[in-house]
Amino acid sequence: MKYRLSDCVEIISGGTPKKSIKDYWGGNVPWLTIKDFTSKYPKTVSSYITKTGLNNSSAKITKDKDILISARGTVGEIMMVHSGYTFNQSIYGLRVKENLAIPEYIYYWLLANNQMFSQNVHGSVFDTITRKTFDYIQIDLPELSKQAKIVTKLNNIDSKISVNERINDNLVA
């Protein structure tokens, strides 16, 4: 069945605590930027904010299997996160409506179709996608059982890639 992507996810905006307030930075809440988009899940985090910084900004905490997508500059980079991360305003968080889709299915679909975002950019200085962009992107969702089978196969491939990357890292070291 065809859906607008915006009907399948809750869109969450990111935020940045004021950098001029030192009490907002250097805590234990991971704060992601596009620099941290290097694999399916974050391997490193460039910055951390404090609970005070979180509470005094528009930053939001992720839940397990939220999907992040870069929305400005380098548009369409995709990453999945576990709970407890925050992210800046150049990133959208997508919280999948699990009655319609499996989060990993949406992740893999976005990964395979991220050119749709570059085809829907706006902006004169930086390429940008907006919340409205998610209304224009159509996704054909199979039933949940078929999504689960697809996700299982793709997760197995991802696991093998991860093992190979660890082996390569050990060979380099």
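Where in the chain is the place of serine 83? In this predicted model, serine 83 lies in the loop between strand S6 (78-81) and S7, where helices (H or I, at least four residues) and strands (E, at least two) are DSSP runs numbered from the N terminus. Leaving aside neighbours within four places in sequence, serine 83 is in contact with Thr62, Lys63 and Asp64, contact meaning heavy atoms within 4.5 Å. The C-alpha atoms of serine 83 and lysine 65 are 7.4 Å apart in space, the two residues being 18 residues apart in sequence.

Because the model is predicted, local features need pLDDT of at least 70 and side-chain atom pairs count only at pLDDT 80 or more, whereas totals for chains, interfaces and linings use all residues. Residues are numbered from 1 along each chain as its sequence is written, and side-chain values use heavy atoms, with hydrogens and water left out.

The protein contains 6 helices and 9 strands. For its 173 residues, a compact globule would have a radius of gyration near 16 Å, and the value of 17 Å found for the protein agrees with this; the radius is taken over C-alpha atoms, and the globule rule is 2.2 Å times the number of residues to the power 0.38. Along the principal axes, the C-alpha atoms fill a box of roughly 50 × 45 × 30 Å. Of the contacts with a separation of 6 or more, 66% are accounted for by residues 24 or more positions apart. Buried residues make up 41% of the 173 residues, with buried meaning under 20% relative accessible area, exposed over 50%, and partly exposed in between (1.4 Å probe, protein chains only). The protein exposes about 9,700 Å², of which carbon and sulfur atoms supply 51%; accessible areas come from the Shrake-Rupley method with a 1.4 Å probe, and for residues only the protein chains shown count as cover.

An open sheet of 3 strands has the order S4-S3-S7 and mixed pairing. Its edge strands are strand S4 (47-49) and strand S7 (86-87), each of which pairs on one side only. Strands of a sheet pair through backbone hydrogen bonds, either parallel or antiparallel. Strand S3 (residues 25-32) pairs with S7 in the parallel sense over 2 bridges, two strands being taken to pair if DSSP finds at least two bridges between them. Leucine 32 stands opposite phenylalanine 87 in S7.

Cysteine 8 is found in helix H1 (residues 5-8) and, at 0% relative accessibility, counts as buried. Beyond residues up to four places away in sequence, cysteine 8 touches Tyr3, Arg95, Val96, Lys97, Leu100, Ile139 and Leu141. Cysteine 8 and serine 90 are 82 residues apart in sequence, and their C-alpha atoms are 21 Å apart in space.

The structure holds 7 salt bridges, each defined as a side-chain nitrogen of Lys or Arg within 4 Å of a carboxyl oxygen of Asp or Glu. Lysine 43 lies in the loop between S3 and S4 and glutamate 165 in helix H6, so the pair ties together parts that are 122 residues apart in sequence. Lysine 43 counts as exposed at 56% relative accessibility, whereas glutamate 165 is partly exposed, with a relative accessible area of 36%. Salt bridges that share partners join Arg4, Asp7, Lys132 and Asp135 into one network.

Helix H6 (residues 144-172) is also the place of leucine 154, which is partly exposed, with a relative accessible area of 30%. Together, Leu154, Ile157 and Ile161 make a nonpolar surface patch of about 230 Å². Patches are made of residues with over 30% relative accessible area and no salt bridge, like charges being joined within 9 Å and nonpolar side chains (Val, Leu, Ile, Met, Phe, Trp, Tyr) within 5 Å.
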